[in-house]
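Walk through this structure one element at a time. Keep the sequence and the 3D view side by side as you read.

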Amino acid sequence: MLNIVVCIKQVPDTNEVRLDPKTGTLIREGVPSIMNPDDKAGLEAALRIKDELGACVRVVSMGPAQADAVLREALAMGADEAYLISDRAFGGADTWATSSTIAAAVSKLPYDIVFTGRQAIDGDTAQVGPQMAEHLGIPNVSYAEEIRVVGDSLIVKRQFENSYQVVRVKMPCLVTALTELNRPRYMTPGGIFSAYREKQVTVWARADVPVDDSNIGLKGSPTRVKESFPKALKGKGEVVTLDAEAEADYLVSKLREKFVI
Amino acid sequence: MNQFSEYKGVYVFVQQVEGVIAPVSFELIGKARELAKDLGTGVSAVLCGYNVAGLADELGECGADTVVLVDDPALESYMTEPYAHAMHSVIEFFKPEVVLYGATTIGRDLAPRVSARVHTGLTADCTKLEIDKETGRLLMTRPAFGGNLMATIVCPDFRPQMATVRPGVMQRAERVSGRRARVLPFGVKFEKNDRYVEILDVIKKMNESVDISQADILVSGGRGMGSKENFQMLYDLADALGGRVSASRAAVDAGWVDKELQVGQTGKTVRPKLYIAVGISGAIQHLAGMEESDLIIAINRDETAPIFNIADYGVVGDLNKVVPMLTEKIRAAKAES
């Protein structure tokens, strides 16, 4: 039977994040947390392989205690086991230290396939998946749109800007999933019951993860945030409300002024 | 002297597919020239591929001082492992101070793999790169939280300092005909292992796709367009202006236009000379992809739409009336002149 590990991240729904128009700062209160969409596609891909061929699907997340919620959601969708890597020592990690920590945790589990999402909507780096594969010493295929298991390999359709590659990659391997890959299933009532009543989320603290101190957390992060600031908003321009023809004339005159026409 | 004095030069990974260099590589060389000037060093273009030596001239004319050429059958088509091995070998040998990659589907696969192998930091999707005058460090600024916040990142204790930059963000240097780069062929030994994949097939995407990040004029439609048919108005307007059509995520999700045309956080970053937003309310994720445009015009029914906060000129009204009239008047104006 195949062993599949799916890495998922709990993220704030950035579509719901708003800026305070006066201070220009983020309003974070009341912003719901969700399972990162690309990760959910990776989970769905794993569950489909399980449905078709049989597999043990283990989900792994790194984050604060609240990340338990996305692991329970994954269990309710059909994952078999869940692991939460959670310890202050892991906090403040950049993608390098994050990938080294999660890779070390994953190395404790049996795996033929590791799924990650292409990128998380709160960071958008798309770095943790390929970096994890490097730490694990396995091949990675990014931007997967289709996946099939054939013998000891995966056949993956890999997206580029103007083309696709169809590649054969030997297991064990890591695949980064795109939301285009599939439409994730919903949790079932039975699944939710079992996720909260029958299944466990195993918490792994610092001592449970076989990784060197120099490769975790803020101290193990090659990059540092020097400063962060709200984006300077461009000054508001001119907005007019006229009848349609006058508006068209107005725009034509502006395009003339700017030598576009 | 600092601990990194042996690390020198600004290097750019040159992305070529089938012998054609991606525009973003020239944009990065343009930016690398500015950084190299501040650091008192040169620009090296790392050209990986098979039978690609002929591309070195173009790289020289576009600003590279040196071309490091890794030419090998193993690099004929892009695959993560041999390319990561090539870049890792180049970095180990030449010890660059800075390495830049395009944030393309290739660069965003290759650069993290290389960063993990080299053990150095990598900052994704930078919108601004500059040298800190005091420390000589690379300051890498990127949007965070879906474009709500900007963060400046440094990589103080590891070299090279590496960053990816989206296409269309930096500007290429002026091409100087006859300017030559010094070409350094660099031999790398490739040995197949389990990390190599096998390419079974390459499928071109249907219809000659348009790279909107390279367009000077974009006419962009959003949810307010209401239907696929209504996009014809935008094609007509774009045609009158000599521009291209793009779209917001809402229009792409509705199936009215192809994903290739999407501007924004999960689409492309554009900075055309003129961006006309039609029926686009202006979610932060969309603004993040187009706000650097030189001139922004918005047409929207809702006067409170956030797009008006960044538009240079906005009109509140019915796009179904305004757009065809505008197209007609632009055609008339052009016919006069």
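Two strands pair if DSSP finds at least two bridges between them. Helices (H or I, at least four residues) and strands (E, at least two) are DSSP runs, numbered from the N terminus. In general, strands of a sheet pair through backbone hydrogen bonds, either parallel or antiparallel.

The model is predicted: local features need pLDDT of at least 70, side-chain atom pairs count only at pLDDT 80 or more, and totals for chains, interfaces and linings use all residues. Residues are numbered from 1 along each chain as its sequence is written, chains are lettered from A and ligands numbered from 1 in the order in which they are written, and side-chain values use heavy atoms, with hydrogens and water left out.

Angles run from 0 to 180 degrees between N-to-C directions, and axes are lines fitted to C-alpha atoms, for helices over the stretch in contact.

Now look at some pairs within this sheet. Strand E8 (residues 113–117) and strand E12 (residues 173–177) of chain A run parallel, joined by 5 bridges. There, A:Gly117 has A:Ala177 in E12(A) as its bridge partner. Strand E10 (residues 153–159) of chain A runs antiparallel to E11(A), with 7 bridges between them. A hairpin links E10(A) to E11(A) through 3 residues. Across this pair, A:Ile155 stands opposite A:Arg168 in E11(A).

Where do the chains meet in the sheet? E11(A) pairs with strand E13 (residues 198–204) of chain B, in the antiparallel sense, over 6 bridges. A:Gln165 stands opposite B:Val202 in E13(B). Strand E11 (residues 163–170) of chain A is mostly covered, with 6 of its 8 residues buried. Buried means under 20% relative accessible area, exposed over 50%, and partly exposed in between (1.4 Å probe, protein chains only).

Next come the helices. Two packed helices are described by the angle between their axes and the distance between the axes. Take helix H4 (residues 128–136) of chain A and helix H4 (residues 107–118) of chain B. Their axes come within 8 Å and cross at roughly 40°. H4(A) and H4(B) are therefore oblique to each other. Angles under 35 degrees count as roughly parallel, over 145 as roughly antiparallel, 65 to 115 as roughly perpendicular and the rest as oblique. The crossing of H4(A) and H4(B) is right-handed. A crossing is left-handed if the near helix is turned anticlockwise from the far one by less than a right angle, and right-handed if clockwise.

Which residues of H4(A) and H4(B) meet? Among them are A:Pro130 and A:Glu134 in H4(A), and B:Arg108 and B:Pro112 in H4(B). By class, this contact of H4(A) with H4(B) has 4 nonpolar, 3 polar and 5 charged residues. Ala, Val, Leu, Ile, Met, Phe, Trp, Tyr, Cys and Pro count as nonpolar, Asp, Glu, Lys and Arg as charged, and the others, Gly among them, as polar.

H4(A) is largely enclosed by the rest of the structure, because 7 of its 9 residues are buried. The buried residues include A:Met132 and A:Leu136. Contact means heavy atoms within 4.5 Å. The buried residues of H4(A) pack against elements including strand E1 (2–7) and helix H3 (95–106) of chain A, and H4 of chain B. Just after H4(A), A:Gly137 takes a positive phi of about 70°.

Chain A has another helix pair to find. Helix H2 (residues 68–77) and helix H5 (residues 189–197) of chain A pack at about 130°, with axes 7 Å apart. That makes H2(A) oblique to H5(A). H2(A) passes H5(A) in a right-handed crossing.

Finish in chain B. Here 7 strands form an open sheet with parallel pairing, in the order E7-E11-E6-E1-E4-E5-E12. Its edge strands are E7 (122–123) and E12 (182–185) of chain B.
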